[in-house]
Protein chains: 2
Amino acid sequence: MISTETAELRILDAAERLFYGRGLQAVGMDEIRSASGVSLKRLYQLFPSKGELIQAYLRRRDVRWRQKLAAYADARTTPEESILAVFDWLYEWFGEPDYRGCAFSNSFGELGATSPAVAETARAHKEAFFGYLTDLTAAAGKPAPLADHLALLAEGAITTAAITGSAEPARRAKEAARVLLAAA
Amino acid sequence: MISTETAELRILDAAERLFYGRGLQAVGMDEIRSASGVSLKRLYQLFPSKGELIQAYLRRRDVRWRQKLAAYADARTTPEESILAVFDWLYEWFGEPDYRGCAFSNSFGELGATSPAVAETARAHKEAFFGYLTDLTAAAGKPAPLADHLALLAEGAITTAAITGSAEPARRAKEAARVLLAAA
DNA sequence: CGACGAGGAGAATGCCCGTTCTCTCCGCCC
DNA sequence: GGGCGGAGAGAACGGGCATTCTCCTCGTCG
């Protein structure tokens, strides 16, 4: 028998791929079972309901997403460069073949109205991302509103890239960010 | 018996309220029948499937949304003022009690992966909005990339306002737009 | 060696939903 | 008046899905 940790990992990996790729309601527990190779019984032992699995998926994705972003942007030498690197990271993300927009915005649009837990998780994710930009802005010695402006550009790029299927919005957002950064 | 036009209107009104407010998959045809007061038989005569009703809902919303926006922004005396008025209009929209983000982004997130028709409708809506901003930008004698930057700000504000439940993002986006406009 | 408990496979259950069908009624035209 | 076509109400059908249950297997521990 596979270990509990491995089973959890497999389930979360399958759930993330399927939920993100096709939407929360479009994916059934049975499909997650097949994709993960874990029996339905075990699946329900580890995640007592689909709602809890969705929450686990979103929570893990939130942490990983922000870690990857921070690892990429923090590697720059100045706060200004880190700010611009955020948009370079977005560009790489948008280029991934299965890119389909922000998992949290998508989940919010799909279930936010009926599931307070999903709505709150999405809100927390956006707030954490905004907090990161706020830190970078402060480190660069720029006024606080700049963080809001950068967040709006990033958010807009994420949505636009998803719907148009192009990574270009990241480039455009970076141009605008450069102007705002210089003017701030 | 109510006329065909009235029935269609009632159905579309009910569909819009329900689909936008709770999501596409969360609303059943039965609920649209109850809310519209039109029999199921008639509903299926006018819209042969749920998918077609969704398309009709999105198409009507697209037209109306852009008309309202243009009516508001075009009333300004200069192109620059029209551009800034876009964000004022967003502010008013965000303040509506049932505001829940962009119907097209939400629909795309929910069904875009499985329904090419929904994906295409969302894309067309975003493109039309972008076209409007492009026209305003050209009328103001500004370089074309400004339209991309403004679109990203608006898009970001729409998403952020939905998830945070605040209309403030429209204000922040307008500030950034003002800076970009002055710098362009 | 034998009972047992955990685990796997997948059938069963109960519910929801899109779509169609039945039955009935009513207004209209000859 | 009498039949007929369209419309309403709602039941019925078929399928899908979250969740639970059954039955079987197998490793473990006495």
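Of the 184 residues of chain A, 52% count as buried. Buried means under 20% relative accessible area, exposed means over 50%, and partly exposed covers the range in between, with a 1.4 Å probe and protein chains only. The model is a predicted one: local features need pLDDT of at least 70, side-chain atom pairs count only at pLDDT 80 or more, and totals for chains, interfaces and linings use all residues. Residues are numbered from 1 along each chain as its sequence is written, chains are lettered from A and ligands numbered from 1 in the order in which they are written, and side-chain values use heavy atoms, with hydrogens and water left out.

Start with the fold of chain A. It has nine helices and zero strands. Helices (H or I, at least four residues) and strands (E, at least two) are DSSP runs, numbered from the N terminus. The C-alpha atoms of chain A fill a box of roughly 60 × 30 × 30 Å along the principal axes. Take the contacts in chain A between residues at least 6 apart in sequence: 66% of them join residues at least 24 apart. Contact here means heavy atoms within 4.5 Å.

Now the interior. A nonpolar core is a set of buried Ala, Val, Leu, Ile, Met, Phe, Trp, Tyr and Cys residues joined through side-chain atoms within 4.5 Å. The largest one has 128 residues. Leu53(A), Phe94(A), Leu53(B) and Phe94(B) have the most contacts inside it. Leaving aside neighbours within four places in sequence, Leu53(A) is in contact with Ile11(A), Leu12(A), Ala15(A), Phe19(A), Met29(A), Ile32(A), Leu43(A) and Phe47(A).

Not counting residues up to four places away in sequence, Ile54(B) touches Phe19(B), Leu24(B), Leu111(B) and Val118(B). Ile54(B) and Val118(B) are 64 residues apart along the chain, yet their C-alpha atoms are separated by 8.2 Å. Gln55(B) lies in helix α4 (residues 50-74) of chain B. At 11% relative accessibility, Gln55(B) counts as buried too. With residues up to four places away again left out, Gln55(B) touches Ala117(B), Val118(B) and Thr121(B).

For an exposed glutamine, look at Gln45(A). It sits in helix α3 (residues 40-46) of chain A. Its relative accessible area is 56%, so Gln45(A) is exposed. Gln45(A) and Leu24(A) are 21 residues apart in sequence and 20 Å apart in space, C-alpha to C-alpha.

Next, the aromatic rings. Rings of Phe, Tyr and Trp (its six-membered ring) pair if their centres lie within 6.5 Å; planes under 30 degrees apart count as stacked, over 60 as edge-to-face and the rest as tilted. By this rule there are 16 aromatic pairs over all chains. In one of them, Trp65(A) and Phe129(A) have ring centres 5.4 Å apart and planes at 80 degrees, so the pair is edge-to-face. Trp65(A) lies in helix α4 (residues 50-74) of chain A and Phe129(A) in helix α7 (residues 116-139) of chain A, so the pair ties together parts that are 64 residues apart in sequence. Both residues are buried. The rings of Phe94(A) and Tyr99(A) have centres 4.9 Å apart and planes at 40 degrees, so this pair is tilted. Phe94(A) counts as buried at 6% relative accessibility, and Tyr99(A) at 12%. Trp65(A), Trp89(A), Trp93(A), Phe94(A), Tyr99(A) and Phe129(A) form one aromatic cluster.

Charges also sit over rings. The test is NZ of Lys or CZ of Arg within 6 Å of the ring centre and within 35 degrees of the ring normal. Arg171(A) lies over the face of Tyr91(A), 3.6 Å from the ring centre. In chain B, the charged end of Arg61(B) sits over the ring of Tyr20(B), 4.1 Å from its centre.

Finally, the two chains together. A rotation of 180 degrees with 0.0 Å of shift along its axis superposes chain B on chain A, with an RMSD of 0.0 Å. Copies are superposed by least squares on the C-alpha atoms of residues with pLDDT of at least 70 in both. The two copies are thus related as by a two-fold rotation axis. In chain B, the C-alpha nearest the axis belongs to Gly156(B), 1.9 Å away. The contact takes 36 residues from chain B and 37 residues from chain A. About 3,000 Å² is buried between the chains, and carbon and sulfur atoms give 71% of it. Buried area is the accessible area (1.4 Å probe) that two parts lose on being put together, summed over both. Phe108(B), Leu152(B) and Ile163(B) supply 22% of the area that chain B buries against chain A, more than any other three residues.
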